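Walk through the fold below with the model open.

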Amino acid sequence: MNHQIISYVNHWLNEVNSHSLQAPFIYNLYTKFIQKDFNKSHFESIEKTRVKLLNEDFSVKTVNYGATSIVHANLQQTRVSTITKKGLSSAKVSRLLARLIEFNGAKNIIELGTSFGLNTMYLAHKKDTSVITFEGSEDIANVALTNFEHHQKSNIELILGNIDKTLPEFLNARIRIDFAYIDANHRYKPTIRYFESIIKRMHKDSILVLDDIYWSKEMTQAWNEIKAHPEVTHSIDLFSVGIVFFQPDLVKTNYRLMF
Ligand SMILES: C[S@@+](CC[C@H](N)C(=O)[O-])C[C@H]1O[C@@H](n2cnc3c(N)ncnc32)[C@H](O)[C@@H]1O
């Protein structure tokens, strides 16, 4: 049977809700920021852009990095509507990320994998934050930049190029990262590499979110390793995304929660 279906059934059988949560940190986070979908009305204009993109019939050059480097990257044309339908975080997940940023008060935020920038604009909802987002396809990045301009998002910077190269260069500047969303190359090795380099710039109140943790066996392997990493204390598995924390005074626990 398909990995995603087996994983979904397994998650459904093992997930718990707030009644099973003892730790105050997790109980508070879960009941007030994960379960409570309080920020829907903030993002109506971004959702109008999603609808517009769903109806676009032009194509953009996408870059498929696969497991190899940019030198061997395959270029192909894909319709904007297809990417919007299949390749973006859902509005539900994007709203969750915006609430997590509210929870930890993040100021310096990074996103690996911009695509058309809809999720980026959710991350940049608060004007006093700085969001750095990374994208490899120039055509896709141009659509995102148009969206940022249209929505007057001046707190977003897009870094164009292969993340394998642009991320280490960016992290060399020794920036402190409060929140990171990893949603780019969905392969085991790059995911672990990106995670390990980003956490060197994180602190005890930082939050890191990994998208599509059951998308493939490789992604689940990466998620299992990330949860077990010595610097990760609490982790929350919501099936669609995995969230990790670095609070040293918490006893290491993994939660599978309903979302
Ligand atoms: C799943 S999409 C991102 C979706 C977006 N975060 C959202 O939530 O709407 C992944 C994006 O990452 C880009 N990407 C994948 N691997 C990359 C790499 N190694 N360097 C730069 N961009 C990459 C792809 O071009 C694609 O636009």
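**A strand covered on both faces**

Start at strand β6 (residues 179–182), which is covered on both faces: F179 and Y181 are buried on one side, A180 and I182 on the other. Buried means that 20 or more other C-beta atoms lie within 10 Å of the residue's own; exposed means 12 or fewer, and partly exposed lies in between, with C-beta atoms placed from the backbone. Strands (E, at least two residues) and helices (H or I, at least four) are DSSP runs, numbered from the N terminus.

This is a predicted model: local features need pLDDT of at least 70, side-chain atom pairs count only at pLDDT 80 or more, and totals for chains, interfaces and linings use all residues. Residues are numbered from 1 along each chain as its sequence is written.

Now look at the partners of β6. Strands pair if DSSP finds at least two bridges between them. Strand β3 (residues 108–112) runs parallel to β6 and is joined to it by 4 bridges. Here L112 stands opposite I182. β6 also pairs with strand β7 (residues 207–211), again in the parallel sense, over 4 bridges. In that pairing, F179 stands opposite I207. From β6 the chain crosses through helix α9 (residues 188–199) to β7, a right-handed β-α-β crossover. Right-handed means that, with the strands pointing away from the viewer, the path from the first strand over the helix to the second runs clockwise.

Move on to helix α10 (residues 217–228). Its 12 residues reach 17 Å from first C-alpha to last, close to the 16 Å expected at 1.5 Å a residue. That expected span is 1.5 Å times one less than the number of residues. M219, A222, W223 and I226 of α10 are buried. They lie on the same side of α10 because they cover an arc of only 100 degrees around the axis. The arc is taken from the directions from the helix axis to the C-beta atoms. An α-helix has 3.6 residues a turn, so residues three or four places apart point the same way. On the other side of α10, K217, N224 and A228 are exposed.

Next, find F246 in the loop between β9 (241–245) and β10 (253–256). F246 counts as partly exposed because it has 18 C-beta neighbours inside 10 Å.

Finish at the ligand. Its surroundings comprise 22 residues, the closest being L88, S89, G113, N119 and G136. A residue is near if its C-beta atom, placed from the backbone, lies within 6 Å. β1 (59–64), α6 (118–123), β4 (130–135) and α8 (163–171) each supply at least two residues of this shell.
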